[in-house]
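Reader: I am new to this structure and would like a close look at a single part of it, the place where the two chains meet. Could you take me through that part step by step?

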Amino acid sequence: MIQTSDRFRDHVARALTDNDLKIALTRTTGLLQSRRRQVIDEYGEYAEARRRATAIKDHTLRHLDHYLEMFEANATANGAIVHWAKTPAEARRIVSDICTAAGAKTATRVKSMLGEEIGIGDALTDAGVERIETDLAEHIIQLAGDPPSHIVMPAMHKTHEQVASLFDDKHTIAPDSHDIPDLVGSARRELRQRFLSADVGISGANFLIAETGAIVTVTNEGNSELTCTPPKVHIVTAGIEKIVPGMAHASVFLRLLSRAAIGAEITQYTTFYNGPKRPGDADGPEAYHIVLVDNHRTEMLGSDLQPMLRCIRCGACMNHCPVYAAVGGHAYGAVYPGPMGSVLTPALSSLEAAKDLPNACTLNGRCKEVCPVNIPLPDMLRNLRARQWDAKLASPLTKVALAGWGFMARRPKLYHLVTGLGVHGLRVWAFGRNRIRRMPFAGGWVKHRDLPRPEKGSFMQQYNASEHGIRSRR
Amino acid sequence: MSDRSAIFGAIKSANRAPALSADQIAEEAAQLVAIPQKIQPAFDGAALLDRFVAKATSERVTATVDRVTTMAEIPTAVSCYLTEVGQTGPVAVQDCHVLDHMDWSSLNRVSNLAEDGGIAVTLAEYGIAETGSIVCRSGADSPILLNFLPLYHIVVLRASTLVAYSEDLWPLLGGRTAPQSRLLTLITGTSGTADIEARNVRGAHGPKYMHIVIALD
Amino acid sequence: MNSADIQKPRVGLFVTCLVDAMRPNIGFACLKLLEEAGCEVEVPQAQTCCGQPAFNSGDDATTRAIAKQIIENFEPYDYVVVPSGSCASMIRTHYRDVFTDQPDWIERQAALSAKTWEVVSFLSDVMQYQPDGIHYEGVVTYHDSCSGLRDLGVHDQPRNMLAGVEGLRMTPLKDNDACCGFGGTFCVKYPDISDAIVSAKTQNIVATGADTLLAGDLGCLMNMAGKLSRDGHKVKTYHTIEVLAGMANDGGICGDGE
């Protein structure tokens, strides 16, 4: 996916007038919030689980090399071939080479945001492999030619009417009706044979278990197992930060992930993959590859962005973000949208390319509140703004306005004088009415809102003229 | 320099804290999951079986459940279920030691499951009461796709194999040095998706119906 | 001088730049209630802004300069009280972020931060004060401003204190803890997104049928009142402290006047 975060404002302008998007977002974000709320309220041990999950991630990151070595040794002993990729380009080359060596023509895929991150679609194209997305939402966006708009529900931007129209057009057999269950049934029918005849199956991993060398996928549809079992080759792509020490540690995260992401105590399929087909196995791939990807994660380690590496990709932050709810995921122009995307995107690309992302945030803090691993997202976004400021990336208007404001704020007498004049000026401008509808230099405000008419004098003016104020100066 | 060395080099220079020994790291890791009761949802006095059934039949999971006293009664229970739901087609029964000892003659038993729309009977190795999940592993006598391809998935579960929590399951798998099956899955109810407008729909790519027959002996 | 005078807590009132310019009544309501609660209140002259606009734009140097001014002028007091969750939080929880490598100042900053309070929670939690004989006739719905709620835990206090006001009936606001879209500089940097967010908020407000909207932050209040007014809705908007002080009688922010 080509990153277009620098065109955030253009994307937003389009998003805010997109009625279908508005309907889609309204239909989904409220539901996701209330489902999570309910299941968290029922989980009395939530606060302790969250505390432990945060501590486990921090511990693992402190000893990341130790655990990665352990994982590699155990996975290899189980028959996996473990590869390392510092960059997306290297990861693509590895995947491409494996597919070519296997003579693959088709590859089924289970949703993986890391796969998006490394541009796996390009890797498959380079190897002449037809890519078949199997996760319902990924299937929808593949047919529509869209990038994902959410990390858990990639087709959140589509109304069911739009999906119906898409399936009518693209499915071999049109859906039985436009009801959502029939749309799902149509995708099942469309993809069944593709699962069974694919040459390669590609998945991500929600967790890597160091102690056993297993990878875990947490899914609902059955497409993970149908992707990773029939083909001759199973390839896993995963970020190095997905690692946890052992099975008991995974249990902690499994309880949190599904609750935070979809408001369920557990997903339908929590599957551990240990290696290729064992001798005598009735089914399974002959070859099993794990591609471990860095892509700037080692840079975030040891920096003030390290907490971002705790992320378990639940999507709760964006489900509760008022900006995301208003503009949708595509507006961010990056692989990862919403609050976590606004922190990750500068790290994965640059402060300059990410531009608006750290700034288009009200700092309301709900993201941090719902994060199962306590990532201080608003603080990190603000720190990114400080980095942008130091790198002189702030807009000239902001710099001038703040310089003026700062100058005055440090000179109380001048400040009070100017404020008093300003208050008076606003009162005059109001022409005796209680509300101000138009104001030069305040276009951003009065475009959508009225301004109140101020009182007859600032607080400091009125106070200094009052009895209390006069008394206090004696 | 290989990518591997570059990655490990970058990690070492980022983590400047003094390195602990492997034993110390393991000790710290163990502390982090000590007393798992603190994060395990309480059963409020419910017995394992009752908890399992309550969760499995809950709205979020949508399995149906039947109980029989002995293993020998299982084929009849399966027959009854299929009659109830109007399914008369062929049934693929997992070819494993436990299930082979039963009399399946009342069913139209086949060895190959259809690509879709089929019915399969499989054996759960374990059940997890916390969430109403069943546990299956791939193996010579366990084509794992039997759990994912059918439309109707009938699960045979022995009550004696129920554990309370996933933490109780891990030690039963043989530990670090035991050979692991290729795949181990915790299946909780029927397949589903909420990818279209967050509407929960059952029967995505996996089974749309799950019926669990629990043998109490 | 009697012993009661010696024990009176000395409060430095920091009214905030928005209150100073746009609604001094809030400052006077604070003054009234703080004195009634038994505090000795002073208004340091050298007060302008808490530094939030600079901080939120990433200009740590300017933030620090403004913060030093606040520290110098307010540290003589027992408490610093602020009629704004976001400004109080700026001082209480965020000042430390710009003083981390300032060994000479860090102790002074920590001391000031520790004694800085949002006004409603100060009256409730520190002074354990409930105003007496206050009357407000109306159906009120309450918006929880983000910083006050999440940084400072202000939630029960305004509700408890408003429960003691005669004639006032509370009705809950759907998504009361959802951001109103003000976000300080956010609303002028991204006005259209802010509008989408505040529109969702005002829809919820109007749906309650309440005739009055209250909150603890003037930025949020101006944002919501300004939108309600632009859309022609008759909902009186006040700062909680104005109602508690019995000084909510001018029709409110963007209201119809007295």
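Author: What follows is a walk through the contact between chain A and chain B. The model is a predicted one, and in it 64 residues of chain B are in contact with 83 residues of chain A. On the side of chain B that touches chain A, the elements giving two or more residues are helix 1 (3–14), helix 2 (22–32), helix 6 (166–169), strand 9 (183–187) and strand 10 (192–193), and it is helix 1 of chain B that gives the most, with nine residues. Sorted by class, this side of chain B has 31 nonpolar, 18 polar and 15 charged residues.

Two of these elements can be followed across to chain A. Strand 9 of chain B is joined by five bridges to strand 9 of chain A, residues 269–273, and the two strands run antiparallel; within this pairing, A:Tyr273 has B:Leu183 as its bridge partner.

Helix 2 of chain B, in turn, packs with helix 3 of chain A, residues 46–62, at an angle of about 165°, with the axes 10 Å apart. Because angles over 145 degrees count as roughly antiparallel, helix 3 of chain A is roughly antiparallel to helix 2 of chain B, and the crossing of these two helices is left-handed. The residues that meet here are A:Arg52, A:Ala55, A:Ile56 and A:His59 from helix 3 of chain A, and B:Glu28, B:Ala29 and B:Leu32 from helix 2 of chain B. By class, this helix contact has four nonpolar, one polar and two charged residues.

Definitions and conventions:
Residues numbered from 1 in each chain as written. Chains lettered and ligands numbered in written order. Predicted model: local features only at pLDDT ≥ 70, side-chain atom pairs only at ≥ 80, totals over all residues. Contact = placed C-beta atoms within 7 Å. Helix = DSSP H or I, 4+ residues; strand = E, 2+ residues; numbered from the N terminus. Nonpolar A, V, L, I, M, F, W, Y, C, P; charged D, E, K, R; others polar. Pairing = 2+ DSSP bridges. Axes fitted to C-alpha atoms, helices over the stretch in contact; angles between N-to-C directions. Parallel < 35°, antiparallel > 145°, perpendicular 65-115°, else oblique. Left-handed = near helix turned anticlockwise from the far one by under 90°.
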